[in-house]
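Here are my notes on this one, jotted down while going through the model. Have a look at the structure first, then read on.

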Amino acid sequence: MFAGLVLAGLAAGAVPAFAQTSVTLYGIVDDAVAYSSNQNGKSNTYLRSGNLAGSRWGLRGTEDLGGGTKALFQLENGFDINNGAFGSSGQMFNRQAFVGLKNDRLGTVTIGRQYTPYYMMVGTLGPTTYVTGATGAHPGDIDGLDTTIRINNSVTYTSPVMWGVTASLQYGFGGQAGAFSKGNTYSGALRYDGGPLSLAAGYLRLNNVGGSGATWNGASTGTPGTSSLNQGYVTADVLQHIAVAGIYTIGKVTVGATYSNVQYKPGAASLFHDTAIFNTAGVHASWVVSPQWRLAAAYSYTAASKANGITDAATYHQVSLAQVYSLSKRTSLYALEAWQHANGKSLSANAASIINAGPAVGDSQNSTPSATSSQVVGMLGIRVDF
């Protein structure tokens, strides 16, 4: 398929034409007053950027090459509106940066820094689409079904839609001389969209470059988020995700469910010795009450495995709510609320000791977990699209 798309692009380039080019500047500016009942032992009220959606600006463009083939690109930067900083230090286009070819019959090939097929096809059917990632992602975004994981140096192929089915495959080049598999990434997903029903299944494997540090090596093509859930396992040699999701729409109501299995597999340089497994099941619903009002809710349950000396394995219950009022097509006011409760034991950072499991609501509290068994988070904010 890749060769076919390249040939199609070359052939189209030989056609004199009436090529049309479009470039769009777009973005989202989102900010909120946030409250957390406990962040490392104390409550906090603060401003937080990017809650209903991450604050960003970007450029996307296409050029019609003729013969059903288009060239395309996208560059997207995430930022913090409260201090003007890049979303990721040292990365101007930290969210996405890719270029490629799309053909109506053969599909799409893109290369660069991209989301995974696992997220694009499965994650978009999950709770983050409806109750946001900030408070609605599964605890600590443990299963990567929000936008935490992006893949550098990647090639992605996505098929055209056939009988409602779309397939996508991705490979991220590790780039380690003499060690082809170090730091590389594999992802694949299938999705069906038919009328009110959408179903998807996906796979993601991140290989760690490894080293002597106590964190995931950032030279790997993909890097998972770190939270109180997985802090003891980030020296894994391999991180594997498997997930399924589905939604069904009845009039103005959409209901959905997700299941994921995440495995942190140790290697010779890992600071833990047994594979750590997290299983998460969740349900969510969204109701378009009127053209202005949308309400959403989600519940998830996450259970860790008994391993690495832990006999009372961690479990996490999370409830998330969202209320969104549209002032216009581009501007919305919103309120987000979430509660998470943790039981059992987990590993501390660096896998140094067994500690009480600490809750971290959604993926907004990854670096600020609660020092108690529960955490409550609330946000009042505004989002403007352009």
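1. Arginine 191 comes out as buried, at 17% relative accessibility (buried is under 20% relative accessible area, exposed over 50%, partly exposed in between, with a 1.4 Å probe and protein chains only). Its salt-bridge partner is aspartate 193, with the closest N and O atoms 3.1 Å apart; a salt bridge here is a side-chain nitrogen of Lys or Arg within 4 Å of a carboxyl oxygen of Asp or Glu. Aspartate 193 is partly exposed, at 34%.

2. Some housekeeping: this is a predicted model, where local features need pLDDT of at least 70, side-chain atom pairs count only at pLDDT 80 or more, and totals for chains, interfaces and linings use all residues. Residues are numbered from 1 along each chain as its sequence is written, and side-chain values use heavy atoms, with hydrogens and water left out.

3. The whole structure has four salt bridges. One of them joins arginine 95 to glutamate 76, with closest N and O atoms 2.7 Å apart. Arginine 95 sits in the loop between β4 (69-78) and β5 (96-103) and glutamate 76 in strand β4, so the pair ties together parts 19 residues apart in sequence (strands are DSSP runs of E, at least two residues, and helices runs of H or I, at least four, numbered from the N terminus). Both arginine 95 and glutamate 76 are buried.

4. Glycine 358 is worth a look too. This residue is buried, with a relative accessible area of 11%, and lies in the loop between β18 (354-356) and β19 (374-385). Serine 228 is 130 residues away from glycine 358 in sequence, yet 5.9 Å away in space, C-alpha to C-alpha.
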